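Points are grouped by topic.

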Amino acid sequence: MTEIRYSLEDVKALYQRPLLDLVFEAAQVHRENHNPNEMQMCTLLSIKTGGCSEDCGYCSQSIHNEAELEKEILMKTQDVLEQARKAKEAGSTRFCMGAAWPKVLDGRAFDRVCDMVKGVSDMGLESCVTLGMLTEEQAQRLADAGLKAYNHNLDTSREFYDKVVTTRNYDDRLETLANVAKAGISACSGGILGLGEKEGDRVSLLHTLSNLDPQPESVPINMLVPVEGTPMANNERLDIFEWIRCIAVARILMPKSMVRLSAGRLEISKEAQAMAFMAGANAIFTGEKLLTTANPKEDFDYKLLDELGIKPRAPYKDENQMMPEEEKVATGCNRPGGCGCVGEEAEAA
Ligand code: SAM
Ligand code: DTB
Ligand code: SF4
């Protein structure tokens, strides 16, 4: 039985607080639970591109949309592992593989994805996949292959969902998240802002995400990347302070989660990104491409982190992947996610 942690009214009241109060509180929560000067760098790879039968209104990969896109069949395991190796060398600690599938089907393609997961995990990277809906048995196979996280976004509120996609419903999404949890895999689940939703939809999404049991280990916050040929290509751009507000609310409601800045950073100024980090965002996707759309160049990201004195999170070495080994030795801190505390504070943690 899910324990309800927050009421919709609580979340609404939090969301509507003066922005700087909200960011201040989020920064405090962030510092109590994480090292504020550390950023997790993640790399995305589209392992099967385009041709998806779902009708998500934002997506370049749906057969229902008219985006210009080169379709690609499932990549070879060896090629994926080569990309993962490069991502690790470039400083990523998490590698996320996305397939434009509405759901997982048992067979050779899924067997191959399990091999990819095993190979990526064996490299010491956090492995993450996003493959659409899946059953408990399929989730278990991925867990057995060493999968750390499954990305499956709720995207928006239950109320607004059918304005975004009609080929599946909200409960389908929640069912997959439940199957992922039963297999002991962490959930990476968040949303997209700028779909044409209202404030109440963003509140409702944050309410649903924060009441998931367990809360998602990772909460991706995507800003719509308008893709030519999709019904959302000409959507009005969401005000950047709404984006910051959502990040701050996510941080306060889900203190232990990684708040992951996902799609849309290319169009966001470095000042706004810095404010998002202040508000508790602590993971970004790096590399010039997300799945099919562009992302800031790596040198932009590293320069920004350097200017802010933020360090990329060190690779995991310990078995339970709680804390980069170097830091554990350096500070004695062993809090999940690592807040960097030292001395007596560390011993008590
Ligand atoms: N097919 C799988 C699914 O839908 O769960 C995985 C792939 S899908 C591309 C992963 C996520 O990327 C979506 O849930 C959505 O949040 C995000 N996304 C896709 N296209 C986007 C766009 N144009 N702008 C922002 N986010 C987008
Ligand atoms: C997530 O929430 N965002 C990432 C990851 N999870 C898989 C994907 C963003 C995709 C943006 C559009 C594209 O590049 O196709
Ligand atoms: Fe398919 Fe996922 Fe794109 Fe929806 S978001 S069309 S399910 S690839």
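A molecule sits in a cavity if more than half of its atoms lie within 2 Å of the grid points of that cavity. In this predicted model, ligand 3 sits in the largest cavity. Ligand 1 sits in the largest cavity, and ligand 2 likewise sits in the largest cavity.

**Ligand 1**

- The surroundings of ligand 1 comprise 18 residues, and the closest are Thr 130, Asn 153, Asp 155, Arg 173 and Val 225.
- By class, this shell consists of ten nonpolar, six polar and two charged residues.
- Asp 155 places an N or O atom of its side chain 2.7 Å from an oxygen atom of ligand 1.
- Asn 153 has a polar side-chain atom 2.9 Å from an oxygen atom of ligand 1.
- Val 225 takes part through its backbone, with an N or O atom 2.9 Å from a nitrogen atom of ligand 1.
- Of the 550 Å² of accessible area that ligand 1 has on its own, the protein covers 90%.

**Ligand 2**

- There are 13 residues around ligand 2, of which Asn 153, Asn 222, Leu 291, Thr 292 and Thr 293 come nearest.
- The shell around ligand 2 holds eight polar and five nonpolar residues, with no charged residues.
- An oxygen atom of ligand 2 lies 2.8 Å from a polar side-chain atom of Asn 222.
- For Thr 293, a polar side-chain atom is 2.8 Å from an oxygen atom of ligand 2.
- The side chain of Asn 151 has an N or O atom 3.2 Å from a nitrogen atom of ligand 2.
- The protein covers 87% of the 400 Å² of accessible area that ligand 2 has on its own.

**Ligand 3**

- The residues surrounding ligand 3 are Cys 52, Glu 54, Cys 56, Tyr 58, Cys 59, Ser 62, Ala 100 and Arg 168.
- This shell divides into five nonpolar residues, one polar residue and two charged residues.

**Aromatic contact**

- The count of aromatic pairs comes to one.
- The pair is formed by Tyr 161 and Tyr 170, with 5.2 Å from centre to centre and 75 degrees between the planes.
- Planes over 60 degrees apart count as edge-to-face, and the pair of Tyr 161 and Tyr 170 is edge-to-face.
- Tyr 161 counts as buried because its relative accessibility is 3%, and buried means under 20%.
- Tyr 170 is also buried, with a relative accessible area of 3%.

Conventions:
Residues numbered from 1 in each chain as written. Chains lettered and ligands numbered in written order. Predicted model: local features only at pLDDT ≥ 70, side-chain atom pairs only at ≥ 80, totals over all residues. Heavy atoms only, no water. Near = heavy atom within 4 Å. Polar contact = N/O pair within 3.5 Å; in protein donor to acceptor, adjacent residues only side chain to side chain. Areas by Shrake-Rupley, 256 points an atom, 1.4 Å probe, with all protein chains shown as cover. 1 Å grid on protein atoms, 1.4 Å probe; cavity = no way out; pocket = protein on both sides within 12 Å on 5 of 7 lines; lining within 4 Å. Nonpolar A, V, L, I, M, F, W, Y, C, P; charged D, E, K, R; others polar. Phe/Tyr/Trp six-rings, centres within 6.5 Å; stacked < 30°, edge-to-face > 60°. Buried < 20%, exposed > 50% of the residue type's maximum accessible area, 1.4 Å probe, protein only.
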